[in-house]
Amino acid sequence: MDTKPYPPLARFIDQLLDAICVVDGEGRFIFVSAACERIFGYTPKEMVGKAMLEMVVPEDRARTLQAANEIMSGHPTRDFENRYMRKDGQVVHIMWSARWSEADQLRIAVARDITERKQAQSMQAALYAISEAAHTAEDLLSLFQLIHQIIGQLLSATNFFVAIHDESNDKLSFPYYKGDHDEASEQQQTFVSTLCAEVIRSRQPLLLRPESLAGLPEQLRSVHAGNGACWLAVPLNSHNGTIGALALKSNPTGARYTEKDKELLQFVSTQVATAIERKQLHARLEHMAQYDGLTGLPNRGLLHDRLKMSLARTRREQGQMSLLYLDLNNFKQVNDSLGHAAGDALLQEVANRLKQCVRDLDTVARMGGDEFVVLLENIQLPEHASNVAKKIRSVISQPMKIEDCSLCILPSIGIALYPDHGDEAQQLLRHADQAMYFEKKNSENYFSNQGSFRQPRSTVSSNRTFD
């Protein structure tokens with residue numbers, strides 16, 4: 001029987017779609033099959049002698065080294081997954097099966113490229129996670145943090161920017177940024193702003209590599225933040241238009257973004273835009289439920305919540321607090337003489353002045369109409385509440401420019417102290433309200449105007465402070 005000589009074994013190995021790698025005890029390649037060039041981008045000649053761990057992405061090196069040590073201890077492994085950096089900067093997902101040859105002191109492994117499968121799985125998981133985040137995140141900042149984490153599992157996202165476009169005033173803001181440094185340089189801030197503005201304007205994604213500088217739009221070339229990094233930016237498009245943009249920057253020594261990465265991020269960004277809009281709507285509805293639509297001050301419901309929390313804290317700390325209840329004398333004359341638009345403008349100005357009279361920890365709330373309540377937390381002496389009331393009278397009594405008229409209006413203010421006037425919310429509110437009406441009843445109100453404002457029927461009487 002005739003026998004033909006078999007071809008060299010290496011020729012068979014080079015025909016395999018999976019890669020065969022042999023690594024010595026120091027972790028260096030001593031043999032690789034031809035498939036390695038297709039998977040890793042390096043020729044076999046370039047890979048031989050190269051340290052295996054240097055090709056692993058930094059985030060996977062620790063567990064890769066741990067797996068290698070276990071294999072060398074006599075524990076073969078199957079289906080171990082990690083990520084490698086190709087010669088062209090792209091990241092590939094690899095599944096390994098490996099064992100250690102004690103006689104040869106070599107690690108023999110088979111590598112399979114599972115990048116497409118991993119990307120499909122990761123994309124599906126990311127879409128689900130982003131949708132879930134829109135429901136579970138407490139606020140927009142929490143949502144941005146979750147989105148950063150999710151996208152970071154798909155792409156290199158050490159430097160991650162979220163830009164939001166306010167179409168009403170054509171203003172771009174960056175409510176979320178994370179990067180290599182606590183704050184981006186002025187040059188980088190300018191570049192990111194220009195990049196995101198261009199992406200929002202064009203509604204098209206942009207992939208910027210160092211070699212593509214010449215092809216950038218002029219406004220980007222003039223502010224390009226170089227140093228060899230790659231940039232990837234995509235618009236946040238929704239059925240309501242383009243609401244913002246996502247921007248990622250790679251490290252100069254890290255993975256380089258590809259066209260596939262751009263497509264992936266653009267696909268995911270649609271879900272991100274939906275999640276952001278949902279959270280923005282939720283935030284607006286919450287704000288409407290808790291804040292007065294005219295003045296932007298906390299409303300009656302939010303005041304009650306804060307008052308209850310303040311009372312609990314003050315009882316626990318055995319401290320003091322105060323409520324000031326006030327309304328505006330002769331406010332009805334403003335509405336009757338100048339109209340409700342002028343009355344609204346007056347209330348807005350009063351709200352702004354009230355906020356200037358208190359500390360950040362205090363609360364100014366609108367109860368309705370021309371009635372306001374000031375919650376003073378953690379006061380040391382009862383005189384402190386009286387001093388704030390005097391300051392409010394002084395500030396509010398200053399002339400206000402309303403519809404080309406200079407108006408002067410005085411408040412009536414009632415004061416309630418905890419624990420002197422009650423230890424429950426309703427008791428304190430009732431006492432302050434009654435004190436305010438007592439002052440109003442026993443005071444004379446002053447109302448004046450200048451300019452084009454027609455003089456209303458004036459009521460002039462004395463005004464005194466009630467403590």
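Buried means under 20% relative accessible area, exposed means over 50%, and partly exposed lies in between (1.4 Å probe, protein chains only). Keep that scale at hand for the tour.

This is a predicted model: local features need pLDDT of at least 70, side-chain atom pairs count only at pLDDT 80 or more, and totals for chains, interfaces and linings use all residues. Residues are numbered from 1 along each chain as its sequence is written, and side-chain values use heavy atoms, with hydrogens and water left out.

**Whole protein**

Show everything as a cartoon. There are 15 helices and 17 strands. Helices (H or I, at least four residues) and strands (E, at least two) are DSSP runs, numbered from the N terminus. Of the 467 residues, 46% are buried.

**Stop 1**

Select L281, L285 and M288. Together they form a nonpolar surface patch with about 320 Å² of accessible area. A patch takes residues with over 30% relative accessible area and no salt bridge; like charges are joined within 9 Å, and nonpolar side chains (Val, Leu, Ile, Met, Phe, Trp, Tyr) within 5 Å. L281 sits in helix α10. Is L281 buried or partly exposed? With a relative accessible area of 44%, L281 is partly exposed.

**Stop 2: the largest core**

Hide the surface and select F160, L246, V272 and I276. In the largest nonpolar core, which has 33 residues, these four touch the most other members. A nonpolar core is a set of buried Ala, Val, Leu, Ile, Met, Phe, Trp, Tyr and Cys residues joined through side-chain atoms within 4.5 Å. Elements giving two or more residues to this core include α6 (115–136), β9 (231–238) and α10 (259–290). Which element gives the most to this core? It is α10, with seven residues.

Zoom in on L246. Beyond its neighbours within four places in sequence, L246 has contacts that include F160, V234, L265 and V272. Contact means heavy atoms within 4.5 Å.

**Stop 3**

Next select helix α13, residues 340–356. Its 17 residues reach 25 Å from first C-alpha to last, close to the 24 Å expected at 1.5 Å a residue. That expected span is 1.5 Å times one less than the number of residues. Buried residues in α13 include A342, L346 and V350.

**Stop 4: salt bridges**

Side chains of opposite charge can pair when their charged atoms come close. The whole structure has 17 salt bridges. Each is a side-chain nitrogen of Lys or Arg within 4 Å of a carboxyl oxygen of Asp or Glu.

- R112 and D18: the closest N and O atoms are 2.8 Å apart. R112 is in strand β5 and D18 in the loop between α1 and β1, so the pair ties together parts 94 residues apart in sequence.
- K262 and E259: 3.0 Å, N to O. They are three residues apart in α10, about one helical turn. K262 is buried at 17%, whereas E259 is partly exposed at 41%.
- K332 and D336: 2.7 Å between the closest N and O atoms. Both lie in helix α12, four residues apart.
- D60, R63 and R83: a network of salt bridges links them.

Conventions
Areas by Shrake-Rupley, 256 points an atom, 1.4 Å probe, with all protein chains shown as cover.
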